[in-house]
Amino acid sequence: MSITVEKLTKQFVAGEMPACREVSFSAPTGAITSLLGPSGSGKTTALRLIAGLETPNGGRVRFLEEDVTHVPVQKRGVGFVFQGYALFEHLTVRRNIAFGMEMQRASKGEIQTRVEELLELVQLGGYGTRYPQELSGGQRQRVAFARALATRPKVLLLDEPFGALDARVRLELREWLHQLHDKMPLTTILVTHDQEEALELSQRVVVMHQGRVEQVGTPLEIYDHPATAFVASFIGNPSVLKGQVQDGRASAGPVHVDAPAGASDGTTVHAFVRPHEIKLRRLDDPTACSATRAEVARLTRIGSFVKAELKLPSGETMTVHLSHEDQAALGLKAGELVCVDLVGAKVFAGDYAI
């Protein structure tokens, strides 16, 4: 069951910027497609329009070839998982999972068989008689998944399903969702602002910003080939350097590359440099330092790596991630000058906004 969204628009208040502005993308059959973007980018509104929980001002939603734009939510065949679980506290786990099937007036035998099957699928066999308040956050979210799957939906829609959980549980549930999707490859749309989550879980990513789609592609395409300055700024936690085009070359700090297509001399450019795309050398390195020099402003150990904050002659800052081995070999200290070499950067002309 593929999903196609065509120029979907939603404006809640006349005269204000629409929450979604001509949003178009497709979600392939049996794949996880992520709607990724910062808060206020329109991704949850797009999901609610697909579910039928909101009515669009324009555009269409199709499941396969069927236009479901004006089909009521209860007839679209969608399963929905929310960030806040939305479980019934007064019902047991078993009754929570069975709720949708009971509303559909399924037989008791069918409900019992399906519920026990799903309890095993979400690794909660033996928890059926417990109440939500007796479960951990991760267990509650798995109950929410089981409830969404109970009615055998055509598509599964996930609205920040791990947003209320701590970091360790989020990682565990991401791995669990991988395994669940391998067993049940349901067409799924996941809303998230967590780029690591989107890049790890998805086969397709839709990056949204200010109600519009900025780029659609595979996780590798989004990461390696950002189509816009916003995507380059949002993915990979880069340092941002401002510069100009001169004699057909774009220069911004240590970045010196051919100017972007159509950029004339004097055009403002922004270079986006990710922490792993920067290499450092000591000034006393036998290789002459013809590269840009920078001051080590701060060194911070963060788990498996060392974060080095550099101050360029222009006053701009860059962040570098070093392995403990590289830091030990370099012997860097705050206040020292180092040579900065780049192994990659993404350069775009013009201004941009987060």
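Guide: Gladly! Helices here are DSSP runs of H or I with at least four residues, and strands are runs of E with at least two. Counted that way, the protein chain has 9 helices and 20 strands. Do keep in mind that this is a predicted model.

Visitor: How do you know that the span of helix α3 agrees with what a helix should show?

Guide: The expected span is 1.5 Å times one less than the number of residues. For the 14 residues of α3, residues 108–121, that should give 20 Å, and the end C-alpha atoms are 20 Å apart, so the two agree.

Visitor: Which residues of α3 are called buried, and what makes a residue count as buried?

Guide: Buried means under 20% relative accessible area. In α3 that label goes to Ile 111, Arg 114, Val 115, Leu 118, Leu 119 and Leu 121. Seen down the axis of α3, these buried residues fall within an arc of 155 degrees, so they line one face of the helix.

Visitor: What covers the buried residues of α3, and which exposed residues sit on the face turned away?

Guide: The cover includes α2 (93–103), α4 (137–150) and α5 (167–183). Turned away from the buried side are Gln 112, Thr 113 and Glu 120, where exposed means over 50%.

Visitor: What happens just after α3?

Guide: There Gln 123 takes a positive phi of about 60 degrees.

Visitor: And how much of the protein chain counts as buried?

Guide: Of its 354 residues, 47% do.

Notes:
Residues are numbered from 1 along each chain as its sequence is written. This is a predicted model: local features need pLDDT of at least 70, side-chain atom pairs count only at pLDDT 80 or more; totals for chains, interfaces and linings use all residues. Side-chain values use heavy atoms; hydrogens and water are left out. Buried means under 20% relative accessible area, exposed over 50%, partly exposed in between (1.4 Å probe, protein chains only). The arc is that of the directions from the helix axis to the C-beta atoms. Contact means heavy atoms within 4.5 Å.
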